[in-house]
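Biologist: Could you walk me through reading burial and strand pairing in a model like this?

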Amino acid sequence: MKSSIQILGTRTGDTTPSVLVTFDSQRYLFNAGEGTQRFCIEKRVRLGKLNNIFLTKVQWDACGGIPGMLLSLDDAGNNNIQLHGGSNLAHFMAATRHFVFKMSAHVKVNEFDEGSKPFSDENLTVLPVLIRPVQAANCRCKHPTSSFKKLAAEAKDGSPKSVDAPGSVVSRTSETVLDQAVGTKRKAVDDGSDLRASVMRKSDQSVQHCRQIIQQMFNSGESVSINVGRNKAHGATRGNVPSSIQEGKKDHTKLVRLPETSPSDTVISYICKGPAVRGKFDVATAQSLGVAPGKQFCQLLDDFESVTTNSQGDVHPHQVVGPEKAGCVFIVVECPSTEYIPSLVNSDHFVPHYAEHTSNPVATIVHMLGDDVLEAADYQTWMKRFGQTTQHIIISRKHCAKPIVFCGSATSQHRLSLLDPDVFRVPYYSNTPATLPIALQTNTAVAFPLMVYNMEPLRGFEDHEPQSLWDHLDPNGKVLRKLEHPSMVSYHEAATGIQNEIRSTITEEEQLNSDGSDVMLCTLGTAAALPSRYRNVSSTLVDVPNVGTILLDAGEGTFGQLFRRFYNPPDGPTLNDTLRNLRLLFISHMHADHHVGAIRILKERYKLLSGASVSQPLYIVGPPHYHVWLREYADCEDLGLDSIIFIPCHDFEQGGTIQRTSDTDRLLKHLCLKSLQTVQVHHAPYAYGVSIVLTSGFKLVYSGDCRPDLHLLEVGGEADVLIHEATFEDDPCGFQEAQSRRHSTTSEAVIVGGRMNAKWIILTHFSQRVPKLPKLNLDPFPSDIRARMQKCVGVAFDLMSLKVKQLRRMAMYFPALEKLYPARLEDSPDLDQEDLQQQDDLSGASDNRQHKQSSTPHRGRGRGRPQGRYDQR
């Protein structure tokens, strides 16, 4: 039997700590933060045998990639998926019901607490060890324990209001008596308190309620918002959800909020043991005992059964098979800060595995560490107790390098930088890890993506050093060698000519200080539905000088894109500047590829501003369902929502009386906006486009996802910049897909821009089936209109950053882009077998799986919605 541990994410900025454990029959994943799905696509990590995911904490760093991973696992044919973690795991999964549902797989949630039994199957025994910070010991809970309530969103502002469910007799005041030092699933104590026991039962009821929602999410084709506490009365069973509940997604006034819970500081480390390895078969001894080769050998070795020989009588397995070897032990440690060290190093669960207490030393320990943990003397002493034979692998932000993980995207960005280095900047990366403390340098290694440690049959690293690191400055590296390909030589010549033309006309064309000329647009993610090798999912950053930053959608991995673009720029805003100056987050609709990445951005911003005085708040404008999702997730992890003002999209909706409130007025004032108008578009319930007009008069229009929309045309008239989705190409298949999926083709997006009389049109949100350079197909347009469109239409690429006064360059790029991205794959410089295989993997198979048959499309709130398993399209 072979078994190994593979490191996936290592805190590279766009990945977070994750570990894949492989046996012959199954795989096991420890943590699935943002970017895990894209990493597995990029690196072709096989997921077909992955059925169990263990989380070290119910926080975004560990669980943010679960929605995307569930889709990948479902596509890989995994019919039974189990999620294991601490308290609030069921709450987290149930909270995703707004955008994850109707998968064919069965998903079960297992919450560990202090009394939980180890997980065990044919490969692994996994013992959870709950660790808490020292300041949490013997403390009272800051937040009251969950009462069993249902919350309905008010029609006007989308903020939830509380309505006690039947039987909920415990007040919030009485709940504060509970001791929440552990922060895990509470169990009644034998102190004679009927009140405490009652509240405990209600907490268990809340978890069970969440489990019922999860069952409906993944095992039925119905809506998943169910009445709290009234399942039997209303006949709500699996696959049979009342119509009043189905309306929750279509009518926000009938949304049902999950029972409240509280964030937990507890994290989990896992002590894992593989199966015992059977001893070696002694062929010589067996033959001397008269055992015949073949069937009798198999009976003794494989079936472990006795056989009868002609000469020696019965021969038993122990006579010819050596003693078995104890199963390999490995540990996954989570220690977020030095405050967790005392609880970790004093845990009795680790004592039997110290070198002085065991004859089967731990093979390896993967340490997922916060800053300064590894430098702590107590932690180093604890590591040494496992002995010199134990291999330690360190994953921490402080020590791990920040190499390029998504090499296809980075290579594309580097090649584009040869065309215009001001607009297409090489992503930030660092290939050098930090030096380990001297005391730990003998049997300790810093992790890197795809590091493999073999456990059976022979223990040790496959490669102790990373191979083929992406390096655009290495003259012998793959990045520069491919520039010698004939097609790249031709592209480089064209790019040099265009770059010279741009620079020779900058003074004349780009020094105008017209309204909005210095507004910067950065298309962080330009893919539709799922990330691909070259594009991440939707997000666009708008930086308004002297005002702040606006973020239009934020799909999974958006923070990683911000990190690569703004971490250490030679000029312009830094990553911290961008987070600190974030003023508005606009979420167009509830499909996951447009909002899942916002959680990490909010988390990182909250961490950055913690303790600092904030002069202006962050506004979030989105569907009311998004407010419910934020509040439900904030039950698991503090996002600083107290300093965020949420305004539902319909408060700014065009076509009716805009809801003028103190919040809408403050938003317009703080962002120096003349107006902000939203319009429902033809895509899904509560899907919106937006028009933003600065006080200077500059007008930006963003379509979100939609079919060509008359109301958006009306709102967006005379736009300075239109950012419009162009999911599909203009072939017959593309038109059909666009209509059934409620998206636009490239020509339809251009037509919308033309009828708006938009000065500049940026196309984005491309399907995986669209080549790296979509075809504009302007031939059907009249010659005068075609000539104008050729000058004002551009194609977005990930991390492309232009000021408005530079948008003229987009049209100038096309001659070179056509050489960089030839129509025939055979003409591409990426012709080695690995690249061709990855290109084939991403050519559209997953996109076909992603787009299931839709229901009959309708326009507007509350009518029609696509029927995909992962509610993105």
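Biologist: Which residues lie on each side of strand 24, and are they buried or exposed?

Modeller: Buried means under 20% relative accessible area, exposed over 50%, and partly exposed in between, with a 1.4 Å probe and protein chains only. In strand 24, Leu-618, Ile-620 and Gly-622 on one side and Tyr-619 and Val-621 on the other are all buried, which covers both faces. Strand 24 spans residues 618-622. Keep in mind that this is a predicted model, where local features need pLDDT of at least 70, side-chain atom pairs count only at pLDDT 80 or more, and totals for chains, interfaces and linings use all residues. Residues are numbered from 1 along each chain as its sequence is written, and side-chain values use heavy atoms, leaving out hydrogens and water.

Biologist: What counts as a strand or a pair, and how many bridges join strand 24 to strand 25?

Modeller: Helices (H or I, at least four residues) and strands (E, at least two) are DSSP runs, numbered from the N terminus. Two strands pair if DSSP finds at least two bridges between them. Strand 24 and strand 25 (residues 644-648) run parallel, joined by five bridges, and Gly-622 stands opposite Pro-648. Strand 23 (residues 582-586) also runs parallel to strand 24, through three bridges; there, Leu-584 faces Tyr-619.

Biologist: Which unit do strand 24, helix 21 and strand 25 make?

Modeller: A crossover is right-handed if, with the strands pointing away from the viewer, the path from the first strand over the helix to the second runs clockwise. Strand 24, helix 21 (residues 624-634) and strand 25 form a right-handed β-α-β unit.
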